[in-house]
Amino acid sequence: MDREDLLHLCALARLDLDQAELEAFEGKFNSMLSFTQKVLAYEPAGDAEPLTLIDKLELRRDVARDFEWPEQTVHDYQVPTVIDFEAGGEG
Amino acid sequence: MRELLARPGHELLDLIEDREVHPYELSLEQARLSHELDSQLDSFTVWNDLESRGPLPYTPQQDGIRRFSQLPYAAKDVFCTSGLQTTAGSRILKGYIPPFNSTLVDLLERSGSYLLGKTNMDEFAMGSSGETCAYGHSRNPWHLDYVPGGSSSGSVSSVAGCQAVMALGTDTGGSVRQPASFCGVVGFRPTYGQLSRYGMVAYSSSCDQAAVFTRCSLDCALAMNTLSQPDPQDSTCHPSSSGDYFEFARREVHWEKLRVGVIREFTDPGRIDAPVLANYRASLDKLAAAGTQIVELDFPLADYCLPAYYIITAAECSSNLARYDGIRYGPASGQDELLARYVETRGAGFGAEVKRRILLGTYVLSKGYQDSYYDRARRLRRDIRDQLLSWFESVDIIATPTSPTLAFPFGARNEDPVRMYIADLCTVFVNLAGTAGISVPNGFGSDTAPDGSTVQLPTGLQLVCAPWSDELLLRVAHNFELLSGWRYTPPQWIAKKLGIQAK
């Protein structure tokens, strides 16, 4: 990746790079990028979907223990949709 | 009392239950020793003032299950602690004091355990040596010029250096198992979902898992009895066991009925250094001599694990770390214009390794590259998991070296990040598959230090189980310790301070 693309990427990621260390940073970043490019040679088996957190890292519900809420718990929490900054950020 | 501080937690618990030792006095003595040793080990970033807090209330549960309780422990600085600074090893969180405890710290507090302080770590858990921390480097107790491993560098040095009985760490790609092998202690990463991640500063949400360092596998089981609880604050936390890890781990293993898988690619002298390989083979010989059936496994995806891991974790970290912008946490630049403020704050707050991973994540998620990098890596992840599950149809446990190398001197691998990444060669497949792994000490190997002297450094044997078979893993690990005759003893210079004999 050339420097112009690297700096464009920095802007996308909202990152400032230390100019004095730019050259060393660029070299190490390119080494890291080349390393990950090994996956481009891989052809996935079949046409199954990518593994995701919800899909295959499955939660084993058959033997899982559920949390038992204390009896006096009142489930009345609501996510604030409008935040009133004048009132100290409370919803 | 100081001579007790090299002993495993379950033995200390015996003494507490027999009223031979008072838990608060023990923890105060541990805190004093930890302070003394920290001038050399630099394990801690922040101390908890145990003296002013006084003894913790503790009411034992009446179910007969032994738990990690009333003992002193340390927590990686990635776990939020109410009223105690939490930085994740980063300048960008300097001065951040969470208003709440992470679930695991809460559970330990409720068990009457004493938090000694927060431990050093690679910034946002990104590193394999402890060198990317913004607040100094923890050191390997076996040789202070060598890295302790990472990213849970301070947690491992605290347990290996007798500064804590147990320490919480996190293991995203090997960050507990690899340092455990570098420092000669036990490092256990449970199956993804066994422990709550609530209040744990996120790096890669699908690979992050809280984990523990102890001086023996039985203490890991003790810790699991305290920590493995369902948590309504973490929708991915669904512990599977309703039993007693400690009791199960103590049961005998009938070695002749156990089938241990050996991954051929991780026995290759081209990948694994000679002293590590020698100790690994010696461990397999012990298992075989006890009657265990050794089964060879082929892992054609081995070379893809690290690149896939770095793509997935970089993508997730670029998203998770987007929240650090100087508005909600930590110090901020003085820029008036909002975007300039973000850019300058993040530029000054993050270290170089974290920036590289954020940039890589931004790149692999960008239009035009998402298919070829990120989605391909996730497909690879699926294939790696399927491969692992298919192995467990013919074996009960997989055994590999934990790290391909011994610990290395500070600065030895900083020139090229890829050389550093290789340290996780044997561990990342466990995280990609979301299963459990443990590193148990299996000997020492020789290295030549930069000054020409010969150094003896520990090595580790990694044991891996099928997802949700954590009880079996701890049982095999404990029985392997008995089989190999291993028992933790501290390095000589620390043993002297404790007034005990070292090997």
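View 1. A disulfide here is a pair of cysteine sulfur atoms within 2.5 Å. The model is predicted: local features need pLDDT of at least 70, side-chain atom pairs count only at pLDDT 80 or more, and totals for chains, interfaces and linings use all residues. Residues are numbered from 1 along each chain as its sequence is written, chains are lettered from A and ligands numbered from 1 in the order in which they are written, and side-chain values use heavy atoms, with hydrogens and water left out. B:Cys317 counts as buried because its relative accessibility is 0%; buried means under 20% relative accessible area, exposed over 50% and partly exposed in between, with a 1.4 Å probe and protein chains only. Searching the whole structure gives zero disulfides over all chains. B:Cys80 is in no disulfide either, and its nearest cysteine sulfur, in B:Cys133, is 16 Å away. With 6% relative accessibility, B:Cys80 counts as buried.

**View 2. B:Gln30 sits in helix H2 (residues 23–41) of chain B.** Helices (H or I, at least four residues) and strands (E, at least two) are DSSP runs, numbered from the N terminus. Is this glutamine, B:Gln30, buried or exposed? B:Gln30 counts as buried, since its relative accessibility is 0%. Setting aside neighbours within four places in sequence, its contacts (heavy atoms within 4.5 Å) include B:Leu5, B:Pro72, B:Leu116 and B:Cys162.

**View 3. Helix H4 (residues 103–110) of chain B has B:Thr103, B:Leu104, B:Val105, B:Leu107 and B:Leu108 as its buried residues.** These buried residues of H4(B) pack against strands S2 (72–76), S4 (166–170) and S6 (210–214) and helix H7 (217–227) of chain B. After H4(B) comes B:Gly112, with a positive phi near 75°.

**View 4. B:Pro491 is found in the loop between helix H16 (470–484) and helix H17 (492–498) of chain B.** It counts as buried because its relative accessibility is 3%. Not counting residues up to four places away in sequence, B:Pro491 touches B:Pro141, B:Trp142, B:Ala160 and B:Ala502.

**View 5. In chain A, helix H1 (residues 3–12) and helix H2 (residues 22–36) pack at an angle of about 90°, with their axes 11 Å apart.** Axes are lines fitted to C-alpha atoms, for helices over the stretch in contact, and angles run from 0 to 180 degrees between N-to-C directions. H1(A) and H2(A) are therefore roughly perpendicular, the term for 65 to 115 degrees. A:Arg3, A:Leu6, A:Leu7 and A:Leu9 of H1(A) meet A:Leu22, A:Glu23, A:Phe25, A:Glu26 and A:Phe29 of H2(A).

Notes. Angles under 35 degrees count as roughly parallel, over 145 as roughly antiparallel, 65 to 115 as roughly perpendicular and the rest as oblique.
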